[in-house]
Amino acid sequence: MFKKKQPLSFQEVLSKLMRYCSYQERSTFEVKQKLREYALPSDKVDELMDLLIDDNFINEERFAALFVRGKVSVKRWGLYKIREGLMAKGVKSAEIDTAIKTLDKVKYQENLDYLVERKVELQPEFAVDVSKLYRYLQSKGYESDKISKVLRENKLIS
């Protein structure tokens, strides 16, 4: 009743990976994970990866820069969480450092201010739990010194 799937040719796998990388920026690690689905021999995997890198379908620096920009702009992540996210995607630490240098510091500070203001607005003034707010901001990946500074500016701590 069910037909057995035919293994894909090298060219078909390459075409699928090109579409996979074109749809959204991918790290080398993500593409290698995707390649495991096709159960190819390691020499073919290496050849495919080289072709994708040579044709600029995979570019770790570009991926890292876009990851940083997206997480700051959309998710409002802090520096530590961004760094951990990039490490989880298999990005090398030199490329992580380069990408973090491109971080928009004004937007980063605006995000931190916004998160504090939003949390304070949701609670009555007398009920603001500063330790809870501090932990929340740390869970978003913000540095302790920046959190303390913003909390002082908002007169939540002295």
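A: The secondary structure of the chain consists of nine helices and zero strands, where helices (H or I, at least four residues) and strands (E, at least two) are DSSP runs numbered from the N terminus. This is a predicted model, in which local features need pLDDT of at least 70, side-chain atom pairs count only at pLDDT 80 or more, and totals for chains, interfaces and linings use all residues. Residues are numbered from 1 along each chain as its sequence is written, and side-chain values use heavy atoms, with hydrogens and water left out.

E143 is buried, that is, under 20% relative accessible area with a 1.4 Å probe, protein chains only. Despite this, E143 has no salt bridge, a term for a side-chain nitrogen of Lys or Arg within 4 Å of a carboxyl oxygen of Asp or Glu. K146 is the nearest side chain of opposite charge, 5.0 Å away; Lys and Arg count as positive and Asp and Glu as negative, while His and the chain ends are not counted. Apart from neighbours within four places in sequence, E143 is in contact (heavy atoms within 4.5 Å) with L79, Y80 and Y108.

For the chain as a whole, 61% of the contacts with a separation of 6 or more are between residues 24 or more positions apart. Buried residues make up 33% of the 158 residues. The C-alpha trace spans about 65 × 45 × 20 Å along its principal axes.

Note on methods:
Buried means under 20% relative accessible area, exposed over 50%, partly exposed in between (1.4 Å probe, protein chains only).
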